[in-house]
Amino acid sequence: MRGLTHHSLPGGAALWALIALLIGVPVCSRWLLGWSHPYGYWSDVAMGGLLVALLYRRPRWLMLPVLLVWAVFTLGSAEMIHAVGRMPNWADAAYLVNSEFVSHSTDAGGLGFPGLLAALVAGLLLAILLPAPTTAAKP
């Protein structure tokens, strides 16, 4: 029996992993958390689609930092909405370097959405570990 190699995976597995991570996770988490404004869904689909178009078939060294920053922003936005009831803005960046604020924020049991963190980590691993289809060099 053959192992899980790039020869045994369907050609679009890496693309579907990126779509699931960048569009599926935000849309599903928005729906599950009850944030049902249509502009939010459009924003999730538009930003996710843009990132899929930019990152598909790119080297992993380029994908990884972009996906990590995107995941931190996604989780940070959800935590901010949970904590203070609004989306973050640039003025909130000062709180990130305040160690007292950060320690008080995590004292109450850590993250408010561990399921979102788990989905983001699983999606990141899939997107990074699944090989992208390669085109054969023409002689």
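Leaving out residues up to four places away in sequence, which residues does L21 touch? The list runs P26, L67, W70, L120, G123, L124 and A127, where contact means heavy atoms within 4.5 Å. Keep in mind that this is a predicted model: local features need pLDDT of at least 70 and side-chain atom pairs count only at pLDDT 80 or more, while totals for chains, interfaces and linings use all residues. Residues are numbered from 1 along each chain as its sequence is written, and side-chain values use heavy atoms, with hydrogens and water left out.

**The core**

- L21 also belongs to the largest nonpolar core, a set of 24 residues in which L18, L21, L22, L67 and L120 touch the most other members.
- Four helices, α1 (13-32), α2 (38-55), α3 (60-84) and α6 (114-129), each supply at least two residues of this core, and α1 gives the most, with seven.
- For the terms: such a core is made of buried Ala, Val, Leu, Ile, Met, Phe, Trp, Tyr and Cys residues joined through side-chain atoms within 4.5 Å.
- Buried means under 20% relative accessible area, exposed means over 50%, and partly exposed is in between (1.4 Å probe, protein chains only).
- Helices are DSSP runs (H or I, at least four residues), numbered from the N terminus.

**The D44–R30 pair**

- The salt bridge count comes to one, the rule being a side-chain nitrogen of Lys or Arg within 4 Å of a carboxyl oxygen of Asp or Glu.
- That bridge joins the side chains of D44 and R30, at 2.7 Å from N to O.
- It ties together distant parts of the chain, with D44 in helix α2 and R30 in helix α1, 14 residues apart.
- Both partners are buried, and D44 has a relative accessible area of 14%.
- Setting aside neighbours within four places in sequence, D44 is in contact with L22, P26, V27 and R30.

- L111, L117, V121, L125 and L129 make a nonpolar surface patch of about 440 Å².
- Patch members have over 30% relative accessible area and no salt bridge, and nonpolar side chains (Val, Leu, Ile, Met, Phe, Trp, Tyr) are joined within 5 Å.
- Areas come from the Shrake-Rupley method with a 1.4 Å probe.
- L111 sits in the loop between α5 (99-107) and α6, and counts as partly exposed at 39% relative accessibility.

**A backbone detail**

- R57, in the loop between α2 and α3, has a phi near 65°, a positive value in a residue other than glycine.
- R57 is partly exposed, with a relative accessible area of 45%.

Terms used:
Patches are made of residues with over 30% relative accessible area and no salt bridge: like charges are joined within 9 Å, nonpolar side chains (Val, Leu, Ile, Met, Phe, Trp, Tyr) within 5 Å.
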